[in-house]
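Please look through the model below, and then follow a short exchange about how its features get their names.
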Amino acid sequence: MPSAQGNFHVPPAPGGGVSPPPEPRLPAAGRRTRYAYVGTGGRAKMFLDPVAQRFAATAEIVGLCDLSTVRAELHRDRLCREFGYARVPVYRPGDFDRLLAETRPDVVVVCTLDREHDTYIPAALRAGCDV
């Protein structure tokens with residue numbers, strides 16, 4: 001089923017059931033696009049900073065997720081210090097579904113090791129996020 005950004009196939013939900021993907025979360029007029037990031041290693045800064053700086057009027061970072069909470073908290077603190085952000089919540093990988101439920105991102109940016117992408121992309125798509 002096509003999303004607002006293109007054609008994506010969403011793998012079946014756990015347990016083998018096949019259900020259509022939810023409609024993508026499109027921001028309401030006047031609302032900023034909500035971004036969550038999973039993986040805060042070497043790739044993350046080049047994706048975090050443009051949203052925090054150049055696109056601040058139309059986008060916001062709502063959550064960070066990483067195996068290393070120290071690394072995620074460093075980015076969170078840097079967002080506060082360099083871009084005036086409030087403290088963005090930090091989640092562990094086992095809490096990724098909770099990140100999706102609590103922060104309700106429109107977009108999930110996956111910056112993990114390539115071999116871990118298949119853990120996060122299907123879950124984000126099932127939650128109605130663009131990836």
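Q: What is the strand order of the open sheet, and what makes two strands a pair?
A: The open sheet of four strands has the order E5-E4-E3-E6, with parallel pairing; two strands pair if DSSP finds at least two bridges between them, and strands are DSSP runs of at least two residues (helices, H or I, at least four), numbered from the N terminus. The edge strands are E5 (90–91) and E6 (107–110), each of which pairs on one side only. This is a predicted model, in which local features need pLDDT of at least 70 and side-chain atom pairs count only at pLDDT 80 or more, while totals for chains, interfaces and linings use all residues. Residues are numbered from 1 along each chain as its sequence is written, and side-chain values use heavy atoms, with hydrogens and water left out.

Q: How do you know that E3 and E6 pair?
A: Strand E3 (residues 33–38) and E6 share four bridges in the parallel sense, and because at least two bridges are required, they count as a pair. At Val 38, the bridge partner in E6 is Val 110.

Q: Why is Thr 40 called buried?
A: Thr 40, in the loop between E3 and H1, has a relative accessible area of 0%, and buried means under 20% (exposed is over 50%, partly exposed in between, with a 1.4 Å probe and protein chains only), so Thr 40 is buried.

Q: Why does Cys 111 count as buried?
A: Cys 111 has 6% relative accessibility, which is under the limit for buried, so Cys 111 counts as buried. Cys 129, with a relative accessible area of 3%, is buried as well.
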